[in-house]
Protein chains: 2
Amino acid sequence: MAGIREQKKSETKRAILAAAVKLFAEKSFDKTSIEDIAKEAGIGKTTIYGYYNKKNEIFHDFCDEELDLAFSKLKPSDCDDRPLTEKLIDFFMIQFVFVTKNREFGRQMSREMVFPCEINDKAKIHDQRYFDILENYIAAAQNRGEVSTKHDHFNMSVHFFSLYLGLLAGWYTGYLESLSQVEETMRTLFTQVLKGIEK
Amino acid sequence: MAGIREQKKSETKRAILAAAVKLFAEKSFDKTSIEDIAKEAGIGKTTIYGYYNKKNEIFHDFCDEELDLAFSKLKPSDCDDRPLTEKLIDFFMIQFVFVTKNREFGRQMSREMVFPCEINDKAKIHDQRYFDILENYIAAAQNRGEVSTKHDHFNMSVHFFSLYLGLLAGWYTGYLESLSQVEETMRTLFTQVLKGIEK
DNA sequence: GTGTAAAATCGAATGGGTTCGAGATTAAGA
DNA sequence: TCTTAATCTCGAACCCATTCGATTTTACAC
């Protein structure tokens with residue numbers, strides 16, 4: 001029975017997340033205290049711990065919302081038969097721009113996503129969605145005869161995703177400073193995978 | 001003039017780092033408080049802030065020491081003419097094992113190294129050392145005619161390093177669970193770069 | 001309705017990182 | 001040697017995440 005309790009509970013949770021989203025966007029994760037969130041949500045700060053065990057978890061939910069938003073901008077467009085490289089560059093550049101738009105937010109989110117505190121299933125679902133899109137692109141390229149069928153879809157996705165990670169790392173460690181530099185390097189690396197560097 | 005002041009200052013700094021290294025190893029970063037470190041170093045906890053602005057910075061110095069240790073285990077061995085892939089796998093697996101030996105330490109360190117709070121020059125020096133080794137391997141492989149000379153050394157290093165990052169991410173997100181799995185995937189990915197996935 | 005167990009809420013307390021400010025120490029010139 | 005300004009040091013204070021414990025609210029059986 002969806003009793004009053006259940007209802008209130010999910011309402012409160014939504015209120016907390018809404019408050020957090022608002023404040024994280026206004027200030028930042030670090031500058032938003034649990035008390036701020038509680039006040040904004042109109043509850044006592046201790047109450048939040050009935051819904052989230054760590055401040056981090058709120059951030060996680062926040063990221064989920066943000067990522068949903070980002071994904072919604074990615075049109076599948078199956079009938080797009082541009083070269084794989086171009087499609088991948090579009091895909092990853094959208095991600096990249098989105099994630100790094102606010103430097104600090106992107107850094108925190110990347111940390112949580114790439115090196116999470118604990119292995120978590122919700123994150124895996126996200127990753128799965130990510131890799132599904134990549135595998136789709138790759139399968140299409142294979143059908144067009146652009147890419148060898150020798151390799152595993154998954155491993156190729158991992159490969160491209162790793163390169164994306166490398167670029168993110170380059171951004172945050174200071175090697176890459178402009179988006180055009182990022183895109184150029186991305187193109188170089190993607191070409192390396194396709195052509196191979198052997199011989 | 002290396003006055004008393006200078007001397008004392010660097011002595012104190014060394015004492016702090018030594019205390020921190022000891023305690024981080026015994027417990028962990030999170031479970032070691034600034035006060036613990038101060039007590040171990042025989043100073044007041046506020047004094048530490050004369051040497052480090054954030055607890056994180058102590059961890060950074062700690063990582064530097066640890067990485068020096070790890071690097072010291074990597075013999076250059078110029079006369080090693082095994083295939084590039086094998087040399088790279090050795091190189092990265094040593095790193096990987098070292099970094100993930102203690103899961104929590106590796107996670108924290110990776111976060112700091114890959115997505116640092118602020119761009120910092122000391123980190124760049126480390127990275128440089130890292131890439132120098134990789135570029136050496138690659139140059140040697142080019143001399144042996146194993147690898148095309150078309151590509152930039154640096155970009156190839158970045159490529160391999162990115163794949164290493166991807167594996168680390170796989171470890172911490174739970175896709176890779178055993179070292180043999182890591183090594184196998186690493187070999188697959190490295191082969192992809194060399195051969196190319198095209199056609 | 002009433003009693004009761006489970007769950008939710010929140011004020012108060014804890015612990016740890018960081019800052020403040022006052023007192024101690026040093027460098028260096030007179 | 002004395003003075004003074006800069007630097008070091010550290011106890012007290014502050015802020016914030018998280019936990020405790022007591023109180024209130026809900027669900028449900030009788």
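**Domain contact and overview**

Between domain 1 of chain A and domain 2 of chain A, 2 residue pairs are in polar contact, both residues of each pair being at pLDDT 80 or more. The side of domain 1 of chain A that touches domain 2 of chain A is made up of 5 nonpolar and 2 charged residues, with no polar ones.

**Domains of chain A**

- The domain assignment divides chain A into domain 1, covering residues 1-53, and domain 2, covering residues 59-195, and the C-alpha centres of these two domains of chain A are 31 Å apart.
- In this contact, 7 residues of domain 1 of chain A meet 6 residues of domain 2 of chain A.
- About 660 Å² is buried between domain 1 of chain A and domain 2 of chain A, and carbon and sulfur atoms account for 69% of that area.
- Of the area that domain 1 of chain A buries against domain 2 of chain A, 55% is supplied by Leu17(A), Phe24(A) and Phe29(A), which is more than any other three residues give.

**Interface of chain B and chain A**

- Chain B contributes 45 residues to the contact, and chain A contributes 45 residues.
- Polar contacts between chain B and chain A amount to 10 residue pairs, counted with both residues at pLDDT 80 or more.
- On the side of chain B that touches chain A, the elements giving two or more residues are helix H5 (103-114), helix H6 (121-143), helix H7 (153-173) and helix H8 (179-195) of chain B, and the largest share, 13 residues, comes from H7(B).
- By residue class, the side of chain B that touches chain A consists of 20 nonpolar, 15 polar and 10 charged residues.

**Fold and confidence of chain A**

- Chain A contains 8 helices and 0 strands, and its C-alpha trace spans about 65 × 45 × 30 Å along the principal axes.
- The mean pLDDT of chain A is 88, and 91% of the residues score at least 70.
- Within chain A, confidence is lowest in helix H1 (residues 4-26) of chain A, with a mean of 85, and highest in helix H2 (residues 34-41) of chain A, at 96.
- Where pLDDT is low, predicted coordinates should not be read in detail.

Conventions. Residues are numbered from 1 along each chain as its sequence is written. Chains are lettered from A and ligands numbered from 1 in the order in which they are written. This is a predicted model: local features need pLDDT of at least 70, side-chain atom pairs count only at pLDDT 80 or more; totals for chains, interfaces and linings use all residues. Side-chain values use heavy atoms; hydrogens and water are left out. Domain bounds come from an automatic or database domain assignment. Contact means heavy atoms within 4.5 Å. Buried area is the accessible area (1.4 Å probe) that two parts lose on being put together, summed over both. A polar contact is a pair of N or O atoms within 3.5 Å; within protein, one must be able to donate a hydrogen and the other to accept it, and residues adjacent in sequence count only if both atoms are side-chain atoms. Ala, Val, Leu, Ile, Met, Phe, Trp, Tyr, Cys and Pro count as nonpolar, Asp, Glu, Lys and Arg as charged, and the others, Gly among them, as polar. Helices (H or I, at least four residues) and strands (E, at least two) are DSSP runs, numbered from the N terminus. pLDDT is the predictor's confidence in each residue, from 0 to 100.
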